[in-house]
Structure formats: C-alpha cells, structure tokens
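Work through the exercises below with the structure in view, and try each task before reading its solution.

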Amino acid sequence: MKCIKMIFALAVVAGTVVCGQNLLEAQQLQADGKLSQRDQLRIKVQQICPVSGQKLGNHGQPIKVNVGKESVYLCCKGCLKSKVDPQHWSTIHGNFAKAQHMCPVMKKELPQKPKWTIVDGRIVYVCCPPCTKKIAADPETYLSKVDELYAATLRK
C-alpha cells in the first residue's frame, strides 16, 4: 500500500492533468484502429479509467496517455482534460501488481510491499532493489516476462 501511495504522490508531483501532448498520442493510437497485443493485455489488466473509474472499453477504444512517466489508458476523450482520481489510480496499480504477482527477475512471489520501477512507461514490480538494475540492463526481456505473467493471470 505504501508503494501505491508513493506512486500516487509521484504522479501528483508530476502533474496528473492529462495534457495536449497526450491528445496527439491518443489520436495516433486510434488513427489506425489497431492496438498492439501488449496494449490489449495492459488494458485488460488495468480494467478501469484512472479519471472516471469506468470499465475500459465501455466508451469505445481506450486512449493511451502519459501520466507523469507512466503510460495508462483512459476510457474516452472526455477524460483527456480531467485529473486522475487518487482512488482509481490506487486501484489500477493494485490491479497491475495483482496480475503480475511475481518478480520477473527472481521468479518468486512479490512481497506484500513490492519495490517497483518504471520501464518504457510501464510500472514493473520487483521483489528487491537489485532486480530493478537487472531490468534496466535488459528492459525488453523483462517487459515480455511481465506480459507473460499478465496473460497467465487473465487465463485463470
């Protein structure tokens, strides 16, 4: 829970208002009408909009935006100019931690208060600080492992 509170505090400091630059990214994502497999997986794990709390997909294709250094998905364009709700932000991070449930480096269950790092806009939970250094050295390998953990959780 402290980890989630810390993430929220960082997001508040970075400014949780979704800015115009994100609108450009959002429009590019929707222009071709296709989401990558990774985006689709993350949408399923995130589950809700950080602004409205609505289920992603209920208002059309979710919109990918940056909140601080982190990429997340909004339910609709209407949420682009609003602030992230702290309760929803906490729920989303809980969803990601629960779906990941294992350290991608050590392959053991995450502790109750896992450490974390942000890699290419994605939060990755780890069991200990040294694991963040290993992830930084080979980010794509570990992001793929996190995707596998998400997929396995969703299959259950």
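Predicted model: local features only at pLDDT ≥ 70, side-chain atom pairs only at ≥ 80, totals over all residues.

Residues are numbered from 1 along each chain as its sequence is written, and side-chain values use heavy atoms, with hydrogens and water left out.

**Exercise 1.** Find which residues form an aromatic pair, and classify its geometry.

*Solution.* Rings of Phe, Tyr and Trp (its six-membered ring) pair if their centres lie within 6.5 Å, and planes under 30 degrees apart count as stacked, over 60 as edge-to-face and the rest as tilted. The count by this rule is 1 aromatic pair. Phe96 and Tyr150 form it, with 5.9 Å from centre to centre and 35° between the planes, so the pair is tilted. The partners are 54 residues apart, with Phe96 in helix H4 (residues 86-100) and Tyr150 in helix H6 (residues 139-155); helices here are DSSP runs (H or I, at least four residues) and strands likewise (E, at least two), numbered from the N terminus. Phe96 is buried at a relative accessible area of 2%, and Tyr150 is buried at 1%, where buried means under 20%, exposed over 50% and partly exposed in between (1.4 Å probe, protein chains only).

**Exercise 2.** Determine how the axes of H4 and H6 cross.

*Solution.* Axes are lines fitted to C-alpha atoms, for helices over the stretch in contact, and angles run from 0 to 180 degrees between N-to-C directions. The axes of H4 and H6 come within 7 Å and cross at roughly 90°. Angles under 35 degrees count as roughly parallel, over 145 as roughly antiparallel, 65 to 115 as roughly perpendicular and the rest as oblique, and H4 and H6 are therefore roughly perpendicular to each other.

**Exercise 3.** State where Gln47 is found, and describe its phi.

*Solution.* Gln47 is found in the loop between helix H3 (37-46) and strand E1 (63-67). Its phi is near 70°, a positive value in a residue other than glycine, and Gln47 is partly exposed, with a relative accessible area of 38%.
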